[in-house]
Structures are given as C-alpha cells and as structure tokens.
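Here is a short briefing on one protein chain. Look over the sequence and the model first.

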Amino acid sequence: GIHRQILFASVGFFVGYQLVKRAEYVHAKVDRELFEYIRHHPVDFQPATEKKRIGQLLEDFHPIR
C-alpha cells in the first residue's frame, strides 16, 4: 500500500543523498590533489608566451579529386 511507497521513497532519497555526498567528496579530493600538484610544480603550468592562430593548429586541406 501507500506505506510501502513512502518507505521506498524515503530509502531512495536517503541512498541518493549519500551517493551524491560521496561523489562530491571524491571530486573535491581529486581537485585538492590536482591544485596541490600545480602549486608544487608551477614550471609545468606556465602559460604559453605566444598564442597560436587557428591556421597554425589545422592541417592544410588537400582535396582528393
């Protein structure tokens, strides 16, 4: 009956809440580790001195016919 639907909805809400909380924790942990790595190795993450134009990034087009 209705009591079972309420029970399953409550259990589903609780399980979903815990899964979202765990996913946010895992993502925060990965972000923290990456930012710490970037902080300790700033040489690896220097911005490029000159920007490349789109023509330098794409290969030349050679039609088949």
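Is Glu-36 buried, partly exposed or exposed? Glu-36 is partly exposed, with a relative accessible area of 33%. Buried means under 20% relative accessible area, exposed over 50%, and partly exposed in between (1.4 Å probe, protein chains only).

This is a predicted model: local features need pLDDT of at least 70, side-chain atom pairs count only at pLDDT 80 or more, and totals for chains, interfaces and linings use all residues. Residues are numbered from 1 along each chain as its sequence is written, and side-chain values use heavy atoms, with hydrogens and water left out.

**Fold and dimensions**
- The protein has 2 helices and 0 strands; these are DSSP runs (helices H or I, at least four residues; strands E, at least two), numbered from the N terminus.
- The radius of gyration is 25 Å, whereas a compact globule of 65 residues would have one near 11 Å. The value is taken over C-alpha atoms, and the globule rule is 2.2 Å times the number of residues to the power 0.38.
- The C-alpha trace spans about 70 × 50 × 15 Å along its principal axes.

**Burial**
- Of the 65 residues, 0% count as buried.

**Salt bridge**
- The count comes to 1 salt bridge, defined as a side-chain nitrogen of Lys or Arg within 4 Å of a carboxyl oxygen of Asp or Glu.
- Arg-39 and Glu-36 form a salt bridge through their side chains, at 2.7 Å from N to O.
- The two residues are 3 apart in helix 1 (residues 2–40), so about one helical turn separates Arg-39 and Glu-36.
- Arg-39 counts as exposed, at 57% relative accessibility.
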